[in-house]
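Please look over the sequence and the model below before reading the points.

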Amino acid sequence: MDVRRRSAGGAGRPVNGAVKMKVKMVDHHHHHHQNDAAKASDALPLPLYLTNAVFFTLFFSVVYFLLTRWREKIRTSTPLHMVNLSEIVAILAFVASFIYLLGFFGIDFVQSLILRPSNDVWAAEDEEDDIILKEDARKVPCGQALDCSVPIIAPLKPALKVAQKVFDKEVVAETAPPSVEDEEIIKAVVAGTIPSYSLETKLGDCKRAASIRREALQRVTGKSLEGLPLEGFDYESILGQCCEMPVGYITIPVGIAGPIMLDGREFPIPMATTEGTLVASTNRGCKAINLSGGASSVLLKDGMTRAPVVRFNSAKRAAELKFFMEDPENADTIATLFNKSSRFGRLQSVKCAVAGKNLYMRFCCSTGDAMGMNMVSKGVQNVLDFLQDDFPDMDVIGISGNYCSDKKPAAVNWIEGRGKSVVCEALIKGDIVTKVLKTNVAALVELNMLKNLTGSAIAGALGGFNAHASNIVSAVYLATGQDPAQNIESSHCITMMEAINDGKDLHVSVTMPSIEVGTVGGGTQLASQSACLNLLGVKGANREAPGANARQLASVVAASVLAAELSLMSAIASGQLVNSHMRYNRSSRDVSAMVSA
């Protein structure tokens, strides 16, 4: 989010005279420095693109000439150090062009890696700023257009206090007022002369950039962000990975349900949620499962998918590629190309679908302990590059054609699976159903049939034959750093309940065909989420058995859903649902007293 965009003429009026004077002085110094220092591009009195073209052509021409001459000398056993006039000229041309290209391209690159930006970088014009200037037709800065310039909006409190309770002790963090230098930068961001998105790059300090962006946002909108924490977060850890243009972070409480006994081991279940009763209900389900001997899980499939869409001039050509991709004789070649992208990504299958002259190819591969979307995409790109040689008339429309299908409800995920496909089951004793869950086996079986199966069918549900699987998937995903948007397909679940042992006991199971999780990459690296993964014993990559940690996490997700389904269905069957939510999910605050700051 750019807090402000620069005006079209590039002469947007600064907030005050001090900023204007500073920019002018820096600009004068910058141009004086440019005039003093000779550039490699000044070697010829030509436009820059022509100069570069000349030296590129010269460089590669003399390299080709010298290599040809040296090969001839080697063939005739002529000493390489014996050179004629043409070779001397070629060597001099090679040295000259190399020095030019190194000076033009190499020095700036090395400096960008080593040197930190100085204060006069604010006066420089970068390419992105030029694009914004050309696109923006306003004659005044946005701050003026919205009538929210600094002289009009009263300054915020010099110090913001954020209080939180930690181990029953109040910890107060104070935000000091911005320094003189930061104040000038804030005003420049508000005026649009400095893009908000470039603060991290130009300052070299992610925390400082977030603080400046936050203050500029408050001045532009006239709204306070006092309740949004800024301190206590490692902004370096999200740069280029998790979030752009941060102004703070949100706090979501994390509760622990269980532990639940799963496959002979106990796992506490971290759940990040703001819904009352959710953790308590899941905890009750864990208790019932544990008292009955625990739950067991089976991993049915493990493979992430990506499905590009390509187009031909005819349906016949699209079908030819389909037959080529599904031909067993070509499987090894395609797999070898795909597997070059990663030491963990291994192609498992390719399923093709034709729609007219368009072909959709659904690649499925293992991805180790990563969720694997980037990994499979790189492998797909390798295969597409290879296919382009044999099918030159193939037009790649997109690396993803929605046949994958990612972050959307889709029957292909429900039927074929995506990510981890897991079944988790438990046998609940009749007396536990009565004493802990406060209902009976017959009532649960009947409710499950009429609600989760028949009711979902009447609603036309797609993978939603359950009570509230998405509740648990979302809570565990947020706590463990998964992509919360993938809750959509990951929550595909069918809950089954059956009376056994002459109706005395209950067999309950959840089948979840597309749990998409990873223990490395993305949000799993953040401190809070990493701590929750560590609590489960699945933090990071498993070096002994790659992929084992991610598979274990998927089983824990399924077991958590099993416990929550059991408890919620029991609450509905016994008529406790409304009472429990009125007791645990009602705010005691006076909402009429809450107004916008």
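1. Start with Phe312, which counts as buried at 2% relative accessibility; buried means under 20% relative accessible area, exposed over 50%, and partly exposed in between, with a 1.4 Å probe and protein chains only. The model is a predicted one, in which local features need pLDDT of at least 70 and side-chain atom pairs count only at pLDDT 80 or more, while totals for chains, interfaces and linings use all residues. Residues are numbered from 1 along each chain as its sequence is written, and side-chain values use heavy atoms, with hydrogens and water left out.

2. Phe391 is also classed as buried, at 7% relative accessibility. An aromatic pair requires ring centres within 6.5 Å, for rings of Phe, Tyr and Trp (its six-membered ring); planes under 30 degrees apart are stacked, over 60 edge-to-face, and the rest tilted. There are 11 aromatic pairs in the structure. Phe56 and Phe60 make a stacked one, with 6.3 Å centre to centre and 5° between the planes. These two residues both sit in helix 2 (residues 48–75), four residues apart, which is about one turn of the helix. Helices (H or I, at least four residues) and strands (E, at least two) are DSSP runs numbered from the N terminus.

3. Phe312 and Phe391, in turn, form an edge-to-face pair, 6.2 Å centre to centre with 75° between the planes. That pair links distant parts of the chain, 79 residues apart: Phe312 is in the loop between strand 6 (309–311) and helix 10 (315–326), and Phe391 is in the loop between helix 12 (373–390) and strand 9 (395–398). Elsewhere, ring pairs join Phe56, Phe59, Phe60, Phe94 and Phe98 into a cluster.

4. Next, the charged pairs. A salt bridge is a side-chain nitrogen of Lys or Arg within 4 Å of a carboxyl oxygen of Asp or Glu, and by this rule the count is 18. In one of them, Lys73 and Glu87 meet at 2.9 Å, N to O. Lys73 belongs to helix 2 and Glu87 to helix 3 (residues 85–114), so this pair ties together parts that are 14 residues apart in sequence. Both Lys73 and Glu87 are buried.

5. Which residues make up the network of salt bridges? The members are Asp406, Arg418, Glu489 and Glu516. Between Asp406 and Arg418 the closest N and O atoms are 3.0 Å apart. Asp406 is in the loop between strand 9 and helix 13 (411–416), and Arg418 is in the loop between helix 13 and strand 10 (419–428), so the bridge ties together parts that are 12 residues apart in sequence. Asp406 counts as buried at 13% relative accessibility, and Arg418 is buried at a relative accessible area of 0%. Glu489 bridges to Arg418 as well, with the closest N and O atoms 3.5 Å apart. Because Glu489 lies in helix 17 (residues 487–490) and Arg418 in the loop between helix 13 and strand 10, this pair ties together parts that are 71 residues apart in sequence. Glu489 counts as buried, at 0% relative accessibility.

6. The nonpolar cores deserve a point of their own. A nonpolar core is a set of buried Ala, Val, Leu, Ile, Met, Phe, Trp, Tyr and Cys residues joined through side-chain atoms within 4.5 Å. The largest has 54 residues, and those with the most contacts inside it are Met271, Ile289, Ile428, Ile515 and Leu566. Helix 19 (residues 548–573) gives the largest share of this core, 13 residues. Apart from it lies another core, of 25 residues, with Met304, Val310, Met325 and Cys352 among them.

7. Strand 7 (residues 346–355) and strand 8 (residues 358–366) pair in the antiparallel sense over nine bridges; two strands pair if DSSP finds at least two bridges between them. Leu347 has Cys365 of strand 8 as its bridge partner. Two residues lie between the strands of this hairpin, and Gly356 there takes a positive phi near 65°.

8. Finally, the chain as a whole has 20 helices and 13 strands. Of its 597 residues, 42% count as buried.
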